[in-house]
Amino acid sequence: MNSSIGTGLNKPLVKSGSYINGCWLASGEQRLAVTNPATGELLTNLSSATAADAEDAVAAATAALPAWREMPAKARAQLLRRWFDLIIENKKQLAEILSAEQGKPLAEAESEVVYGAASIEWFAEEAKRVYGDIIPAPSGDKRLVVIKQPVGVVSAITPWNFPSAMITRKAAPALAAGCSFIVKASEETPLSALALAALSQQAGIPAGVFNVLVSQRAVEIGEVLTRDSRIHKFSFTGSTAVGKLLLKQCADTVKKTSMELGGNAPFIVFKDADIDAAVKGLLYSKFRNAGQTCVCTNRVLVQSEVYERFIAKLVPAVRALKMGAGDDASTQIGPLINERAVLSVAQKVNHALAMGAKLLTGGCKSSLGDCFYTPTVLANVTPAMEVFNSEIFGPVLPVIKFDTEQQAIDLANNTQAGLASYIYSRDIGRIWRLAEALEYGMVGINDAEISNEVAPFGGVKESGMGREGSKYGIEDYLEIKYLCMGGL
Ligand code: NAD
C-alpha cells in the first residue's frame, strides 16, 4: 500500500508502515512523521510499530526459518540475486527517497543504493561457498568433520546515516547463510528500509524471512529484539553508547552479537606525501554525507614541514564546497540529519574555540536552513578538545601539527575508538610501520575510499566487533558444528 498522506514524495516504493510476515502495517494509533532535513517539509506519516508488532515479527521470522534454511543455497542465492537486480533497476527512485529523508546529495544517495545492493550481489554468491572442513583425527578409528549452519533468527538495529547500505550489509549475509531477519530501521530514515522490503517482496523472498520495523518506540522494540530467546544473533550499527547498552541487553540470552559502532578516524599527512592527493582524499573522507559517516576523518594530523603548504591548499578547497538541498545537482554537501545534530556540532566547535583553537573557515550555522552547518576548519587543536576526543559527526575538520612519526602514532591511537584511519606518505617503510602500529580495523593508505563489499569492514577497541562484507562477513551468521564419528 502506498503512503496516503505523502506530500512531496508520492512514489510507488514509499510504504505506509512496517513489513512483517509479508504484510504492510497500515494501522496503529501512533504516527511516525518523516521529514526532509533540507526543507523541514513533511514527507509522510507512517504507522509506528509497537512492541507487540515486534513480537509478531519475531514469531514470523521463527516460523519462516526452517523452510528458508533448508532451501538449497543455490535457490536462496537466486532470490537474493533477483532482489539485487530489482534494487539496481529502481536505483533512481530509491536514491530520491533516500536523499529526501536523509539529506545527502542525490548522486551520493545513488552511490549508497548501489553500494548497498553490491552486498546483496556479493553474498548471493557467497551463499554457495559455505564450506566445512575435515580434520585429521588423532586415532585411526575416527573421522572429524566440521559443518557450518545458520545461527537462526537474526535481529538488527540500524542508523540513519546510511539508511539503505547499513541494512543490506547485515541482511544479505544473514539471508545468504540461511537465517531469517528482522531489522528496526532508524526512525529518521524509515522509508529507504521499507522500499528495500517492497523490493524483497517483489523478488519473491518468502514472507517472514525479511521483516522491517519502523517505529518511534526504539527502546521498546530494542527490548524485544535483544531479549527474546527465539533470536540467536543481534547485529547493531550505531553509536557506541547505544551499542554498549544493547550488548548488555543481549547478555541474558547469550546472543551472538556484531557491533559496528562509532569512530574517531585520524588522517595523517607526512612530509613525503603527495599533498594534492591528500587534500583530495581528505575532502572526500571528511565532507561526504556532511561528515556524518563512521569512517569519516575526525582529526587531521599534519607533519610540521608541510603544515603551511597543506593548510594553504585545504582551506580554499573547503570554502569552495557547495552546500544545499540533496535534489540540487550542484550540491556537494547536504544538511545534517536534524537540528539536534547542528547544535551538537556547534557546541563542539565553540568548546574548541573557547579552549584556544583557531577558526580558519566556517564555524557557524548556515542561512540555508535549520539543519545546515558551514564546512569548518579549526587549527591549533589539542587532545583535550571534544573535536579531538569525540566523534564530531558533522562537517568540521580539526587540524593538529606533529613533528615525529611516533608523535603521529601516539596522537592517532589516543582514543578508545578504532574503526578507520588514513595515512598519506610515499615512504614504503613508514607506511608499513604505521599500518602495523595503528590500533584500527581499517587503514586507508594514500586512499580515502575504503568501503566496498569485497573487503572486511569493522573496528577494534570500542568501535565494535565482527566484520561486515568480504568472505569473512558471512561467518558472523554461521555456527560451527563439530561431528566426531567413531567406531570406523
Ligand atoms: P544511534 O546509536 O543513536 O541510533 C542507532 C539506532 O539505534 C537507531 O535505529 C535508533 O533508533 C536505535 N536506538 C537508539 N537508542 C536505542 C535504545 N535505547 N534501544 C534500542 N534502540 C535504540 O546512532 P545514529 O545517530 O543513528 O547513528 C550514528 C552513529 O552510528 C555514529 O556513532 C556512527 O559512527 C555510527 N555508525 C557506525 C557504523 C559502523 O559501521 N561502525 C556505520 C554507520 C554509523
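The model is a predicted one, so local features are used at pLDDT of at least 70 and side-chain atom pairs only at pLDDT 80 or more, while totals for chains, interfaces and linings take in all residues. Residue numbers start from 1 along each chain as its sequence is written.

Next, the helices. Helix H3 (residues 91-102) has twelve residues and spans 16 Å from its first C-alpha to its last, close to the expected 16 Å; the expected span is 1.5 Å times one less than the number of residues. Ten of the twelve residues of H3 are buried, meaning that 20 or more other C-beta atoms lie within 10 Å of a residue's own, against 12 or fewer for exposed and anything in between for partly exposed, with C-beta atoms placed from the backbone. Leu94, Ile97 and Leu98 are among the buried ones, and so are Lys91, Glu96 and Glu101. The cover over these buried residues includes strand E3 (31-35), strand E4 (42-47), helix H2 (73-89), helix H4 (106-126) and H6, with contact taken as C-beta atoms, placed from the backbone, within 7 Å. After H3 comes Gly103, with a positive phi near 105 degrees.

Helix H6 (residues 190-203) has 14 residues and reaches 20 Å, close to the 20 Å expected. H6 is mostly covered too, with ten of its 14 residues buried, including Pro190, Leu194, Leu196 and Leu199. Just after H6, Gly204 has a positive phi of about 95 degrees.

On to the sheet. Seven strands make an open, mixed sheet in the order E14-E15-E16-E13-E12-E17-E18; two strands pair if DSSP finds at least two bridges between them. Strand E14 (358-361) and strand E18 (442-445) are the edges, each pairing on one side only. Neighbouring strands are turned by 25 degrees against each other on average, direction ignored, using lines fitted to C-alpha atoms as axes. Strand E15 (residues 376-379) and strand E16 (residues 396-402) run parallel and are joined by three bridges. Leu378 has Pro398 of E16 as its bridge partner.

Most residues other than glycine have a negative phi. Val254, not a glycine, has a positive phi of about 45 degrees, and lies in the loop between H8 and strand E11 (256-260). Val254 counts as exposed because it has 9 C-beta neighbours inside 10 Å. Asn446 also has a positive phi without being a glycine, at about 55 degrees, and is found in the loop between E18 and strand E19 (464-465). With 15 C-beta neighbours inside 10 Å, Asn446 counts as partly exposed.

Definitions and conventions. Helix = DSSP H or I, 4+ residues; strand = E, 2+ residues; numbered from the N terminus. Axes fitted to C-alpha atoms, helices over the stretch in contact; angles between N-to-C directions. Contact = placed C-beta atoms within 7 Å.
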